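Okay, thanks for coming, everyone.

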Amino acid sequence: MYEPIRSKSVHSTVDGPDPDFPHRSREEELDIQLAGHLAALLAVTDELRAAETSADLDTAAERLAEQVGRLRGGRTPVRAPMSGARREKSSTALHRRAHALAGRALVVAASRADTAAAILAAERMDAHTAALEPRELASR
């Protein structure tokens, strides 16, 4: 009724894992994921810094860059140069995006048990929530 299988399965693990295929540990995967979320948060923070001047945003950007560098083995993150040209995105949308990214970073940092990154992500969530509250009250 069915023809027998004549070749080995491509999914066969009889000989163990393929040494030519790179495998990462769970911790390495979480490091990569956390660095990505923090780098995205840094990019949005830099956009906000271009739109509005704030010492808090400057400090946050430096701390985020430091954490991304630590997670990436000392490589500094690529950053957009600060320009005088304003972007068309509203500050409210940027704060919402930054809040969401900080939340994602917080979840990964908590699962990785990275206290420094978790504290930074939580502080950024609080800062973006505080920045959004007066805007949302004014729009009502």
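The axes themselves are lines fitted to C-alpha atoms, for helices over the stretch in contact, and the angles run from 0 to 180 degrees between N-to-C directions.

Now the caveats. This is a predicted model, where local features need pLDDT of at least 70 and side-chain atom pairs count only at pLDDT 80 or more, while totals for chains, interfaces and linings use all residues. Residues are numbered from 1 along each chain as its sequence is written, and side-chain values use heavy atoms, with hydrogens and water left out.

So what have we got? The chain has four helices and zero strands, in the order α-α-α-α from the N terminus. Those are DSSP runs, numbered from the N terminus: H or I of at least four residues for helices, E of at least two for strands. Of the 140 residues, 34% count as buried; buried is under 20% relative accessible area, exposed is over 50%, and partly exposed is in between, with a 1.4 Å probe and protein chains only. For contacts, meaning heavy atoms within 4.5 Å, take the pairs at least 6 apart in sequence: 73% of them join residues at least 24 apart.

On to packing. Two packed helices are described by the angle between their axes and the distance between the axes. For α1 and α3, the axes come within 9 Å and cross at roughly 160 degrees, so these two are roughly antiparallel to each other. Their crossing is left-handed, as in the near helix being turned anticlockwise from the far one by less than a right angle; clockwise would be right-handed.

How do α1 and α2 cross? Their axes also come within 9 Å, at roughly 155 degrees, and that makes α1 roughly antiparallel to α2. This crossing is left-handed too. The contact takes in, among others, Leu34, Leu38, Leu41 and Leu42 from α1, and Leu57, Ala61, Leu64 and Val68 from α2.

Let me zoom in on two residues there. Leaving aside neighbours within four places in sequence, leucine 38 is in contact with Leu64, Gln67, Val68, Leu71, Ala105 and Ala117. Leucine 42 sits in helix α1 and is buried, at 2% relative accessible area. With the neighbours within four places left out again, leucine 42 is in contact with Ala61, Leu64, Ala65, Pro77 and Arg79. Leucine 42 and arginine 63 are 21 residues apart in sequence but 9.2 Å apart in space, C-alpha to C-alpha.

In soluble globular proteins, nonpolar side chains tend to be buried together. Here, the largest nonpolar core has 27 residues, and Leu34, Leu38, Leu41, Val44 and Leu64 have the most contacts inside it. To be in such a core, you have to be a buried Ala, Val, Leu, Ile, Met, Phe, Trp, Tyr or Cys, joined through side-chain atoms within 4.5 Å. The elements giving two or more residues to this core are α1 (26-51), α2, α3 and α4, and α1 supplies the largest share, nine residues.

Okay, charges. A salt bridge here is a side-chain nitrogen of Lys or Arg within 4 Å of a carboxyl oxygen of Asp or Glu, and that rule gives eight of them. One joins aspartate 58 and arginine 49, with the closest N and O atoms 2.7 Å apart. Arginine 49 is buried at 16%, whereas aspartate 58 is partly exposed at 33%.

Which residues are linked in a network of salt bridges? That would be Asp31, Arg70, Arg112 and Asp114. Arginine 70 meets aspartate 114 at 2.6 Å, N to O. That pair links distant parts of the chain, 44 residues apart: arginine 70 in α2 (residues 55-71), and aspartate 114 in the loop between α3 (91-112) and α4 (115-138). Aspartate 114 also bridges to arginine 112, with the closest N and O atoms 2.6 Å apart. Aspartate 114 is buried, at 6%, while arginine 70 is partly exposed at 40% and arginine 112 is partly exposed at 24%.

Last stop: alanine 113, in the loop between α3 and α4. Its phi is near 65 degrees, a positive value in a residue other than glycine, and alanine 113 is exposed, at 63% relative accessible area.

How values were computed. Angles under 35 degrees count as roughly parallel, over 145 as roughly antiparallel, 65 to 115 as roughly perpendicular and the rest as oblique.
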